[in-house]
Amino acid sequence: MSFSATSDIKLIRAEINQALAEFIKQENKYLATIGSELDPVAEALEKFLLDSGKRLRPLFAYVGLIGAAAQPTKQLISAISSLELVHVCALIHDDVMDASDTRRGAPSIHKTFENLHVKNAMVGSPAQFGVASAILLGDLALIWSAQMLHNSGLSPNELIRSLPVYDEMRVELMAGQFLDVYEQALGTQNVERSLKVARYKSGKYTIERPLHFGAALASAPVELISTYSDYGIPLGEAFQLRDDLLGVFGNPEATGKPAGDDLREGKRTALIAVALERANGSQKSLLLSGIGDANLTSDKVADLQQVITETGATSHIESMISKLTSTSLSALNHGGISPVGKQLLTELAILATDRKI
């Protein structure tokens with residue numbers, strides 16, 4: 001079954017959502033054959049996957065494909081949709097590592113299973129049960145991602161071409177996750193080190209590698225893959241810098257997380273690094289005393305937000321986002337990308353950095 005290449009993001013996302021829904025409903029039937037004990041696992045993962053999500057990684061993989069003038073098929077849509085399950089794994093594990101109790105305005109997976117433990121009056125530590133369950137559900141999402149790719153119906157050659165990029169994407173993601181934990185433990189105050197975390201933890205696996213994944217499926221020339229990197233790397237960094245701003249200043253109704261959550265978690269982002277670099281003595285003291293305090297009140301969060309703004313860090317990061325996005329878009333002038341691919345890449349660059357999808 002063939003689809004016509006489209007520049008309508010809503011239509012593309014609908015196709016991705018359909019592929020994900022078909023896959024997870026089938027896999028949940030298999031879990032049911034193992035036992036009813038897995039019903040909460042099936043329910044939690046289905047809800048987490050299907051109730052929300054921007055689908056950025058499959059979207060960029062789709063553009064990597066049609067930017068190389070390939071036509072999407074049901075099999076290719078299924079293959080690129082598998083990247084969303086890598087993201088699900090990352091989010092579930094991220095919430096455990098950050099001890100974040102909410103995700104998308106609802107309890108995070110580890111909190112959901114902690115609550116299940118309490119509700120059913122189970123034996124042992126509810127918190128430990130929640131964390132253990134979330135680790136396993138995150139692992140299952142990662143396994144399902146590979147399973148969805150392998151069973152997508154790709155030809156042997158298409159699958160062989162895609163696997164090196166798929167593997168590299170997952171390795172870089174896990175490396176980036178460790179860098180994040182490591183830099184947080186070091187209390188990093190270095191902008192370059194923070195940007196390296198942003199590049200590997202989020203930027204590359206959100207934009208550059210999905211583009212390469214789609215390009216590999218389309219057997220794209222080396223020159224086009226290089227153009228995708230010129231576009232994807234700076235845009236990936238801009239994407240994560242926007243996340244950094246949202247983690248401190250974001251509206252909880254839009255982010256699905258409490259205001260100032262990154263401050264409570266002690267995230268050593270580029271925003272915090274710039275603020276500490278520019279802060280005077282009293283400002284720095286206030287920042288260092290508040291960052292990483294899990295019990296920060298909303299008033300204290302507001303004080304820290306004010307200090308960060310007063311140092312000029314907020315406007316500096318906004319300027320970096322603007323410059324990186326401009327650099328990314330300039331790569332589209334190199335040629336070799338199909339017209340519909342160029343149109344979508346231009347639109348996605350704006351949407352990814354404005355966060356309105």
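Colleague: How far does helix α15 reach from its first C-alpha to its last?

Modeller: Keep in mind that we're looking at a predicted model. Helix α15 runs over residues 298-310, so 13 residues, and at 1.5 Å a residue you'd expect 18 Å. The computed reach is close to that: 18 Å.

Colleague: Which residues of α15 are buried, and how wide an arc do they cover?

Modeller: The buried ones in α15 are Val301, Leu304, Gln305, Val307 and Ile308. They sit on the same side of α15, because the arc they cover around the axis is only 165°. In an α-helix there are 3.6 residues a turn, so residues three or four places apart point the same way. So the arc you asked about is 165°.

Colleague: And which exposed residues sit on the face of α15 turned away from the buried side?

Modeller: The buried side of α15 is covered by elements including α10, α12, α13, α14 and α16. Exposed means over 50% relative accessible area. On the face turned away from the buried side, the exposed residues are Asp299 and Glu310.

Colleague: Which glycine comes just after α15 with a positive phi?

Modeller: Helix α15 covers residues 298-310. Just after α15 there's a glycine whose phi is positive, about 90°. That's glycine 312.

Colleague: How many residues are in the largest nonpolar core, and how many in the other core lying apart from it?

Modeller: The largest nonpolar core has 75 residues, and Leu45, Phe60, Phe213, Tyr231 and Leu345 touch the most other members. Apart from it lies another core, with Ala270, Ala275, Val307 and Ile317 among its members. In soluble globular proteins, nonpolar side chains tend to be buried together.

Colleague: Where is threonine 227, and is threonine 227 buried or exposed?

Modeller: Threonine 227 is found in helix α10. Setting aside neighbours within four places in sequence, threonine 227 is in contact with Ala331, His334, Gly335 and Ile337. Buried means under 20% relative accessible area. Threonine 227 has 6%, so the word is buried.

Colleague: What about lysine 10, buried or exposed?

Modeller: Lysine 10 has its place in helix α1, residues 9-34. The cut-off for exposed is over 50% relative accessible area. Lysine 10 comes out at 67%, so call it exposed.

Colleague: Which residues is methionine 122 in contact with, leaving aside neighbours within four places in sequence?

Modeller: Methionine 122 is found in the loop between α6 and α7. Its relative accessible area is 36%, so methionine 122 counts as partly exposed. With those close neighbours in sequence left out, methionine 122 is in contact with Leu116, His117 and Phe129.

Colleague: Which helix gives the largest share of the lining of the second largest pocket?

Modeller: About 410 Å³ of space lies in the second largest pocket. Its lining has 15 residues, and Ala44, Lys47, Pro107, Ile109 and Thr112 lie nearest the centre. At least two lining residues each come from α2, β2 and α6. The largest share, 5 residues, comes from α2.

Colleague: Last one: which residues of α2 are buried?

Modeller: The end C-alpha atoms of α2 are 16 Å apart, which agrees with what its 12 residues should span at 1.5 Å a residue. What covers the buried residues of α2 includes α1, α5, β1, α6 and α7. The buried residues themselves are Val41, Ala42, Ala44, Leu45, Phe48 and Leu49.

Methods. Residues are numbered from 1 along each chain as its sequence is written. This is a predicted model: local features need pLDDT of at least 70, side-chain atom pairs count only at pLDDT 80 or more; totals for chains, interfaces and linings use all residues. Side-chain values use heavy atoms; hydrogens and water are left out. Helices (H or I, at least four residues) and strands (E, at least two) are DSSP runs, numbered from the N terminus. Buried means under 20% relative accessible area, exposed over 50%, partly exposed in between (1.4 Å probe, protein chains only). The arc is that of the directions from the helix axis to the C-beta atoms. Contact means heavy atoms within 4.5 Å. A nonpolar core is a set of buried Ala, Val, Leu, Ile, Met, Phe, Trp, Tyr and Cys residues joined through side-chain atoms within 4.5 Å. On a 1 Å grid over the protein atoms alone, a cavity is a set of points where a 1.4 Å probe fits but cannot get out, and a pocket is an open set with protein on both sides within 12 Å along at least five of seven lines; lining residues have an atom within 4 Å of a point. Grid points are joined across faces, edges and corners, and a volume is the space filled by probe spheres set on the points.
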